[in-house]
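Here is a friendly walk through a structure, one topic at a time. Please keep the sequence and the 3D view at hand as you read.

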Amino acid sequence: MGAQKITIAVTGLNNIDSPGPGVPVIRGIKESKIFDARIIGLAYEHLEPGIYMEGLVDKTYMIPYPSKGKDALYERLMEIHQREKLDMIIPNFDAELFSFIKLESALNAQGIKTFLPTLEQFEERHKSNLPAYGKKYGVNVPKSQEAFSLADMQNILKSYEYPVMIKGKFYDAYKAYSIEQAAEHFSKLSAKWGFPVIVQDFIEGTEVNVIALGDGKGKVISAVAMRKQYITDKGKAWGGVTIADEAMLELTHKIISQTKWKGGMELELIRTKDNKLYILEINPRIPAWVYLAVGAGQNLPEALVKLAMGMNVSPYTDYKIGRMFIRYSWDMIVDIDRFSKLVTTGEL
Amino acid sequence: MKVKENIAISDNGFVFNPTTGDSFTLNNTGKEILLLIKGGKSMGEIKTTLLSSYDMDETTLDRYLLDFVSELRFNNLIDE
């Protein structure tokens, strides 16, 4: 029996210094022997590298920014659907997830599948809700509070010791050693990501992460633990290695079984010198280092597509330890005709 | 004293802790000592082996060996 033909739209083609997960998600799907996928790229910016990479997307369409609202997004998706007959969409940005979750049933009614967390799951794991999350599920989280204004933050900082972490609502985090530095980061983050800005205790330790996939019924379909080996000035892993840390995997199982998490997720953790694990963030989507999981033996993007298509999926039970990923940058040479076509017509 | 479970020691002296993701490089002497510990040798036996292979007095060996073992312990490579 041949591979099943399927058309999947994917966002997050921005393979830049703070990379989106779209490109490695597509690589995973393309390696599937179950699916023969036609990939439709959905892009926000004309220069997202994934649009131009050879053998990656079959066609790309520009879509409106999340700030334009879900109706504008739906309208554009329907235009694309009419031409491409989409079977599934995999959104890969935190900032767009709210709209996609809200549109889930409307998309489903049009025959387009997604496999996303529920709105409740999405909301309760927000950075700003982390203390309540830690209490509810019995997991260690650093002390953190939301600041809605500079005065608010200055007041909050009275009960914190420096250094502190100042974090954006969706992305970016900076360490601050003084109130002046904190104020500078606050302005930058609120301008970029809006409010609230999060003030969080700085926890000293080793940064470790888990990528996972929950089936929405409490079962972990895939989970791989990784230690960051090289971290860029943007806090992104540029190299990492799979590790056999039972405590990290147990924590993942605990969270997914308690919350009945549906979809991909990333746990950002810190292991302290006294061997305690703290959850810094729970990202509600597949992370950009997903291809390491594929390389270690768990094709998480393929499993996600199978779940969305209602197929039976057996949970992965192990993965290769000591597999590494090392990112690199690569200059592509692109004819300006392709760029101009995308800019003028919104598709390529 | 024993090397923690799963610690991988390659022929070229590269040591990988699969639980933490830490990696280290050892020179030949360091690798020899770690392999002796892994082989279940006591500190006394390790000292005897090293004294027979290297031109070194016991006091100097003691100093370097204790220092090295405490580094192994600090980096979570051995258990008591």
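## Domains of chain A

In this predicted model, the centres of domain 2 and domain 3 of chain A, taken over C-alpha atoms, are 27 Å apart. Chain A has three parts in its division: domain 1 (4–114 + 331–345), domain 2 (144–201) and domain 3 (204–326). These bounds come from an automatic or database domain assignment.

A word on conventions: residues are numbered from 1 along each chain as its sequence is written, while chains are lettered from A and ligands numbered from 1 in the order in which they are written. Because the model is predicted, local features need pLDDT of at least 70 and side-chain atom pairs count only at pLDDT 80 or more, whereas totals for chains, interfaces and linings use all residues.

## Overall build of chain A

Chain A holds 11 helices and 14 strands; these are DSSP runs numbered from the N terminus, with helices (H or I) of at least four residues and strands (E) of at least two. Its radius of gyration, 20 Å, is close to the 20 Å that the globule rule gives for 348 residues, so chain A is as compact as a globular protein of that length. That radius is taken over C-alpha atoms, and the rule is 2.2 Å times the number of residues to the power 0.38. The C-alpha trace spans about 60 × 45 × 40 Å along its principal axes.

Of the 348 residues of chain A, 45% count as buried (20 or more other C-beta atoms within 10 Å of a residue's own; exposed means 12 or fewer, partly exposed in between, with C-beta atoms placed from the backbone). Among contacts between residues at least 6 apart in sequence, 65% join residues at least 24 apart; a contact puts two C-beta atoms, placed from the backbone, within 7 Å.

## The six-stranded sheet

An open, antiparallel sheet in chain A runs in the order S13-S12-S9-S10-S11-S14, where two strands pair if DSSP finds at least two bridges between them. Its edge strands, S13 (277–283) and S14 (324–326), each pair on one side only. From one strand to the next the twist averages 30°.

Within this chain, S10 (residues 220–231) and S11 (residues 237–242) pair in the antiparallel sense over five bridges, and A:Met226 has A:Thr242 in S11(A) as its bridge partner. Helix H10 (residues 300–308) of chain A lies across S9 (206–215), S10 and S12 (262–271), at about 25° to S9(A). Axes here are lines fitted to C-alpha atoms, for helices over the stretch in contact, and angles run from 0 to 180 degrees between N-to-C directions.

## Two cis peptide bonds

Where do the cis prolines sit? A:Tyr162 and A:Pro163 are joined by a cis bond with omega about 0°, and A:Pro163 belongs to the loop between helix H6 (150–157) and strand S6 (164–167) of chain A. The bond from A:Phe195 to A:Pro196 is also cis, with omega near 0°; A:Pro196 is in the loop between H7 (179–193) and S8 (197–201) of chain A.

## Loops of chain B

B:Asn6, in the loop between S1 (2–3) and S2 (8–9) of chain B, has a positive phi near 75°. With 11 C-beta neighbours inside 10 Å, B:Asn6 counts as exposed.
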